[in-house]
Amino acid sequence: MSKDCGKHALRGDLVQIHKVILTPEQRPENLPASTRIVPYEGWIKGFLLDDEAEVGDTVRVETFIGREVVGTLVEVNPAYDHKFGKSQRDLVSAAIRARGQIERSSAHEE
Amino acid sequence: MKSDNGYHSVMARRNEILERSTGIDYREFEISPLAFDYEGMMNSCGYSLSDIQQIQRETGVGDTPLIELRNVTKLVRSISAPGKGGRIFIKDERANPSGSFKDRRASLSVYHAARLGYEGVVCASSGNYGAAVASQAAKRGLKAIIIQEVYDSRKVGQPEILEKTRTCEAYGAEVWQVTVGPELFYMMLRALEETGFFSASLYIPTSVLGIETLGYDVAQQVMEREGKFPDMVVITHAGGGNVTGTARGLEKAGSGETVVVGASVDLRGLHMASDHDFNRKSFTTGHSGFGIPFLTWPDRTDVPRNAARALRYLDRYVLVTQGEVFYTTELLAKLEGLDRGPAGNTSLTAAISLARELDEEQILVVQETEYTGAGKLPSSQLTFAEENGIEVRQGDPKGNVPGKVIVIPDRAEQVHVEELELSKIRESYVRHAMESTGVSQPAGADVVFLAEDCGSSVEFVREVLNSLNVEKASG
């Protein structure tokens, strides 16, 4: 098993592959212009079935449910990198003001 | 035998693929090219409400808490006329195994697939439904393939969908991340054909029947606690299943008088299949880009006849803006201690506006929440929006422009629903029904079907049909 997260993968490594599923010419006609001119692409993760490979090579992987898929190796140990994002001052301050508003209305009731 | 996997060849085989993968022969329910036996189709799988409750309990789905939002109600009353400001409750559907009400849909469809002997399930969903199918499949020992529309052509992914990829893979599903386009359906058909798996579409009868327990629970819980049924239930609306299943469940509990309101985020003007527009929206579902077209023509989906037919059940349909939903999400966390994801907060936003119309003793229920986290939070979505050229500012949400400007309200009184006229939507539905089915002279049974299917009357449908003929004659 390869320990490095670089561009080299060994059999059994968890990798992401890429496939062009339909070229622009193969796509249906009734698409918005910005969609019509680009290929329809897909990515999938699985365990490398080839003995070794480099990013960019055509490889075979076994998916999490045991199917075999062929594609171009794009990432070894692919990352999940979506984030919580930056703090939002306007949003936080508006909600804190609302908290103050109900405290005032409660005080008024009493 | 090697079959041709080109786009048009696969699409031409769609009906046979779907029949094999749903176990449903949709022709059985056809009355005419236009009309079909909706209730017959819904009852054809043979599950009663108590069967469904039993099946859902087996995998830990349902029986979620109903929480009164006392502080949000207080806030609403502080901005309402004297005596106004109904009590707001929320159904904490996040307590389901994969964190949303979608477990109710998936639980019955995955159970059904296992019962029919399928080895696995396929679904095309970039949202909570995919996660629910993956989770239920794990629990029932079935394989799952989830196909998600994730990226634009730059391989930039909506953060909320990237989170759904992560969670589906966490449940052990094979996840296909694809670029923008209606070819999602083609991908699904190919996966179904290659594997012989079950199509756990959102729109097969079991995926809608599974939600009936949600409406039923809401009615029962409010009755047990308050001695009456809810006056209003607000439901986030996209493809129509949530409204359809919840309303049917309310009716089955005897709460048929409850006002059923659908709420969507306003994304009018953005094209859902556009590579350019794809990452200019902060909401991946529960928005008008699905909500309106699925009302005006429900059979635009991945099955011949959609079991989700919201126009039959809606009393009102309202829109809210993205900024208002972010504001409400923040209120729910800071006023009620509930950090929850975007979907249910769309209907909660509408509720803040709608509760102002209600008397203080009236009860309004927001019937879902969902789990939140990286990719799903307002902080995540607003950061992504700014990175994609959207202006984010504070002010009056009337300044909202989908795909260009998100306005965060300063104060709760700025939160206002925009009411869409259901009669206009019903008219549009009748027009679409005629165009899509190619029926030029509808028979009596067709008119009755159209009236039921758009929640209207035979007289209304006849009037619309007449006006269409007039237009044709003069046009």
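This is a predicted model: local features need pLDDT of at least 70, side-chain atom pairs count only at pLDDT 80 or more; totals for chains, interfaces and linings use all residues.

On the side of α2(B), the contact is made by B:Arg14, B:Ile17 and B:Ser21, while α9(B) contributes B:Leu189, B:Leu192 and B:Glu193. By class, the residues of this contact comprise 3 nonpolar, 1 polar and 2 charged.

Helix α7 (residues 128–140) and helix α8 (residues 159–170) of chain B have axes that come within 8 Å and cross at roughly 5°. Angles under 35 degrees count as roughly parallel, so α7(B) and α8(B) fall into that class. Here B:Gly130, B:Ala131 and B:Ala134 of α7(B) meet B:Lys164, B:Thr167 and B:Cys168 of α8(B). The contact of α7(B) with α8(B) is made up of 3 nonpolar, 2 polar and 1 charged residues.

The assignment gives domain 1 as 7–54 + 101–203, domain 2 as 56–99 + 208–420 and domain 3 as 423–474. The centres of domain 1 and domain 3 of chain B, taken over C-alpha atoms, are 31 Å apart. Between these two domains, 5 residues of domain 1 are in contact with 9 residues of domain 3. The side of domain 1 that touches domain 3 has 4 nonpolar residues, 1 polar residue and no charged residues.

Chain B also holds an open sheet of 7 strands, in the order β1-β2-β10-β7-β8-β9-β13, with mixed pairing. Its edges are β1 (66–68) and β13 (418–420) of chain B; each has a single partner strand, so one side of each is left without a neighbour in the sheet. On average, and with direction ignored, neighbouring strands of this sheet are turned by 30° against each other. Within it, strand β7 (residues 232–236) and strand β8 (residues 259–265) of chain B run parallel and are joined by 5 bridges. At one of these, B:Met232 has B:Val259 in β8(B) as its bridge partner.

There remains the contact between the chains, to which chain A gives 40 residues and chain B 51 residues. In chain A, β2 (14–22), α1 (33–36), β3 (40–48) and α2 (89–109) each supply at least two residues of the side that touches chain B. Of these, α2(A) gives the most, with 12 residues. That side of chain A divides into 20 nonpolar, 12 polar and 8 charged residues. Strand pairing also links the chains: 2 bridges join β3(A) to strand β5 (residues 174–179) of chain B, and these strands run antiparallel. In β5(B), B:Gln177 is the bridge partner of A:Trp43.

Key
Residues are numbered from 1 along each chain as its sequence is written. Chains are lettered from A and ligands numbered from 1 in the order in which they are written. Two residues are in contact if their C-beta atoms, placed from the backbone, lie within 7 Å. Helices (H or I, at least four residues) and strands (E, at least two) are DSSP runs, numbered from the N terminus. Ala, Val, Leu, Ile, Met, Phe, Trp, Tyr, Cys and Pro count as nonpolar, Asp, Glu, Lys and Arg as charged, and the others, Gly among them, as polar. Two strands pair if DSSP finds at least two bridges between them. Domain bounds come from an automatic or database domain assignment. Axes are lines fitted to C-alpha atoms, for helices over the stretch in contact, and angles run from 0 to 180 degrees between N-to-C directions. Angles under 35 degrees count as roughly parallel, over 145 as roughly antiparallel, 65 to 115 as roughly perpendicular and the rest as oblique.
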